[in-house]
Each structure stands twice: as C-alpha cells, then as structure tokens.
Amino acid sequence: MNNKYDLTENEQFFMIKFLANNGCGAENADDLLGDNYSCQSMDDFNDLFGDLTDQQIGGYLSSLEQKGVIWADNREGEMCMAGDSLPNLWWATESYLESLNPNWSFTDADFAVRGNKLHLVKESYNDLYFSK
C-alpha cells in the first residue's frame, strides 16, 4: 500500500482513472516510468469525468498538485504548427509513480471501479489484489 501520499478515496479514484487512461498502453507504474505518457489535458479530464464540472476537476488537480502527485505543464502562449494554442498538461510525478507498487495494475483497478463504484476504490488502489 502506498503510504507516502495521503490521498482521499475520491483522489485515489481520480488517479486510477488518470493513470489507466494513459494513451500508451501502460498497465503499471514501471511501464509509465519507462515511457512517460502519464499526462492528461483538460479535454481528457472532461472525457474521463463527464459527471464532474471544470471547477471540481480543478479542485482535484489543485489538491493532487499540492500533495506532489501531479505537476502542471503550463503551455500558455505556446503554439502548434496549425497555429492553435497548446493545452496545459498535467503529469504524474516520477516520485509518485516510483512510490506505487511496481506490479499494481491500474488498468485492472480501473476496470474494477468502472461505473463510479467508489466502494471498490480503497480495495483496488495500489493493492496487491490487482498486481500481476
């Protein structure tokens, strides 16, 4: 169990979804450390958490950033080749990823908590039951 970061159950749920929807096929923290696609944009968060408002998502992001779990890559003013502004990205920190059980499968945990089954979050967050 991850004792370094004191996350609420709602924050654990948020991070399970955050990590499992990484876009590179990573299933555990070691996979993400090897190929760090542990970032999400606000559009990604809106897709993942359609039942949350931007303010609620912002609350999670602020709290998790203060706890050292994620960091914000503020890309304000940066443009892509098409001339559009690049979105800000939020990344899982290396120290957070390194603190997780290296065999914990957040994709399996994500499957277990689908449908916002918060009663399963405590059991599935970084738990050996979901380790490969």
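**Figure 1. Contacts of Lys4 in the predicted model.** Leaving aside neighbours within four places in sequence, Lys4 is in contact with Ser95 and Ser99. The model shown here and in the other views is predicted. Lys4 lies in the segment before helix 1. Its relative accessibility is 59%, so Lys4 counts as exposed. Lys4 and Ser95 are 91 residues apart in sequence. Their C-alpha atoms are 9.8 Å apart in space.

**Figure 2. The chain as a whole.** Seven helices and three strands make up the elements of the chain. Read from the N terminus, their order is α-α-β-α-α-β-β-α-α-α. The chain has 132 residues, and 39% of them count as buried. Contacts between residues at least 6 apart in sequence were also examined. Of these, 67% join residues at least 24 apart.

**Figure 3. Helix 1, residues 9–20.** Helix 1 has 12 residues. From first C-alpha to last, helix 1 reaches 16 Å. That is close to the 16 Å expected at 1.5 Å a residue. Helix 1 is mostly covered, with 10 of its 12 residues buried. Among the buried residues are the nonpolar Phe13, Phe14, Met15, Ile16, Phe18, Leu19 and Ala20. Glu11, Gln12 and Lys17 of helix 1 are buried too.

**Figure 4. Packing of helix 1 against helix 4.** Helix 4 spans residues 54–66. The two helices pack at an angle of about 95°. Their axes are 11 Å apart. The angle falls between 65 and 115 degrees, so helix 1 is roughly perpendicular to helix 4. From helix 1, the residues in this contact are Asn10, Glu11, Phe14 and Met15. They meet Ile57, Tyr60, Leu61, Ser63 and Leu64 in helix 4. By type, the residues of the contact divide into six nonpolar, two polar and one charged.

**Figure 5. The largest nonpolar core.** This core holds 29 residues. Phe14, Met15, Phe18, Leu19 and Tyr96 touch the most other members. Several elements give two or more residues to the core. They are helix 1, helix 2 (29–34), helix 4, strand 3 (89–92), helix 5 (94–99) and helix 6 (106–112). Helix 1 supplies the largest share, seven residues. In soluble globular proteins, nonpolar side chains tend to be buried together.

Figure 6. Leu52 is found in the loop between helix 3 (42–48) and helix 4. Its relative accessibility is 21%, so Leu52 counts as partly exposed. Residues up to four places away in sequence are not counted here; beyond them, Leu52 touches Ile57 and Tyr60.

**Figure 7. Glu98 and Asp30.** Glu98 lies in helix 5. With a relative accessible area of 54%, Glu98 is exposed. Along the sequence, Glu98 and Asp30 are 68 residues apart. In space, they are 7.7 Å apart, C-alpha to C-alpha.

**Figure 8. Ser105 and Ala29.** Ser105 sits in the loop between helix 5 and helix 6. At 1% relative accessibility, Ser105 counts as buried. Ser105 and Ala29 are 76 residues apart along the chain. Their C-alpha atoms are separated by 8.0 Å.

Terms used. Residues are numbered from 1 along each chain as its sequence is written. This is a predicted model: local features need pLDDT of at least 70, side-chain atom pairs count only at pLDDT 80 or more; totals for chains, interfaces and linings use all residues. Side-chain values use heavy atoms; hydrogens and water are left out. Axes are lines fitted to C-alpha atoms, for helices over the stretch in contact, and angles run from 0 to 180 degrees between N-to-C directions. Helices (H or I, at least four residues) and strands (E, at least two) are DSSP runs, numbered from the N terminus. Angles under 35 degrees count as roughly parallel, over 145 as roughly antiparallel, 65 to 115 as roughly perpendicular and the rest as oblique. Contact means heavy atoms within 4.5 Å. A nonpolar core is a set of buried Ala, Val, Leu, Ile, Met, Phe, Trp, Tyr and Cys residues joined through side-chain atoms within 4.5 Å. Buried means under 20% relative accessible area, exposed over 50%, partly exposed in between (1.4 Å probe, protein chains only). The expected span of a helix is 1.5 Å times one less than its number of residues.
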